[in-house]
Amino acid sequence: MTRQRLETWKQIADHLGCSERTAKRYQEKGLPVYRLASLDHLRVFAYTDELERWVHQGVGKLPLEPPPEEHAAEADIPESADSGSQPSEVHLRLVLLEKEGGDAVLVIDRPRTILGRDLHADLLLADPRISRRHACIERRGNTFFLQDLQSRNGTSLNGRPLSAPTMLCHGDHICLGGAISLRVDMVTSSETVDSDPC
């Protein structure tokens, strides 16, 4: 099997035979998609052999797309519609603060998100000052915690060095290794939570 690298959500979705929206939702089920960030961009990539292995081992018999009637229902009801008595789910967005151009946005949608230079990090940060496994964000219900993973150059939150897992709040500023700056945005399910298009 020839390994190919897919570098956009469209390529990943086309390979899986589903929509980009469905492919993004499958991240919560462990879809092997990696994120690469530098000072001027944020993008995703995946490898075809890993995607196919995940489909056979992870998804099993689950359909890649909802039945047609579900598509029709989704088209009739906007995502921002009020869900009634159900509490709104909170999502965390990391905004990569750019020195030039527009900022890039990453939606945190996993129970545990690893940030670092390692190829298998959930957010791959291409900077030599960043450790391979630099920091992580853990989700506990509607609360998110930031933890430094004994990185070489450290992690700071709002200008203070991080020494223990700390709860994140809307508007917090994260600095990784003195190199990468991120802003924390908390949004509810009634707001737009899509990542920067890739």
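Modeller: A term is needed at the start: two strands pair if DSSP finds at least two bridges between them. Helices (H or I, at least four residues) and strands (E, at least two) are DSSP runs, numbered from the N terminus. With that in place, L146 stands opposite T166 in β12.

Biologist: Is this an experimental or a predicted model, and how are residues numbered?

Modeller: This is a predicted model, in which local features need pLDDT of at least 70, side-chain atom pairs count only at pLDDT 80 or more, and totals for chains, interfaces and linings use all residues. Residues are numbered from 1 along each chain as its sequence is written, and side-chain values use heavy atoms, with hydrogens and water left out.

Biologist: What is the mean pLDDT of the protein chain?

Modeller: The mean is 75, and 72% of the residues reach 70 or more; pLDDT is the predictor's confidence in each residue, from 0 to 100.

Biologist: Where is confidence lowest, and where is it highest?

Modeller: Helix α4 (residues 68–76) is lowest, with a mean of 40, and strand β10 (residues 155–157) is highest, at 95. The pLDDT is below 50 over residues 60–85, a stretch with 19 contacts in the model beyond near neighbours in sequence; contact means heavy atoms within 4.5 Å.

Biologist: Back to strands. How do β8 and β9 run?

Modeller: They run antiparallel and are joined by six bridges. Together β8 and β9 form a hairpin with two residues between them, and G141 in the turn has a positive phi of about 65°. The bridge partner of I137 is L146 in β9. Strand β9 is also joined to strand β12 (residues 166–167), by two bridges, and these run antiparallel.

Biologist: What is the order of the open sheet of six strands?

Modeller: The order is β5-β4-β14-β13-β10-β11, with antiparallel pairing. Its edge strands are β5 and β11 (160–161), each of which pairs on one side only. Strands β10 and β11 pair over two bridges in the antiparallel sense.

Biologist: Which residue stands opposite S156 in β11?

Modeller: That residue is P161. S156 itself is found in strand β10.

Biologist: Why does S156 count as buried?

Modeller: Its relative accessibility is 18%, and buried means under 20% relative accessible area, exposed over 50%, partly exposed in between (1.4 Å probe, protein chains only). Leaving aside neighbours within four places in sequence, S156 is in contact with P161, L162, H173, I174 and C175.

Biologist: Which residues have the most contacts inside the largest nonpolar core?

Modeller: They are L94, L168, I174 and L176, in a core of 25 residues. The elements giving two or more residues to this core include β4 (90–96), β8 (135–140) and β14 (180–188). A second, separate core of 14 residues includes W9, V33, V44 and A46. A nonpolar core is a set of buried Ala, Val, Leu, Ile, Met, Phe, Trp, Tyr and Cys residues joined through side-chain atoms within 4.5 Å.

Biologist: New topic: where does R110 lie?

Modeller: R110 lies in the loop between β5 (104–108) and β6 (112–116). R110 is buried, at a relative accessible area of 12%.

Biologist: What does the side chain of R110 reach?

Modeller: It reaches the backbone oxygen of V33 at 3.4 Å. The side chains of R110 and D122 are joined by a polar contact of 2.4 Å. A polar contact is a pair of N or O atoms within 3.5 Å; within protein, one must be able to donate a hydrogen and the other to accept it, and residues adjacent in sequence count only if both atoms are side-chain atoms.
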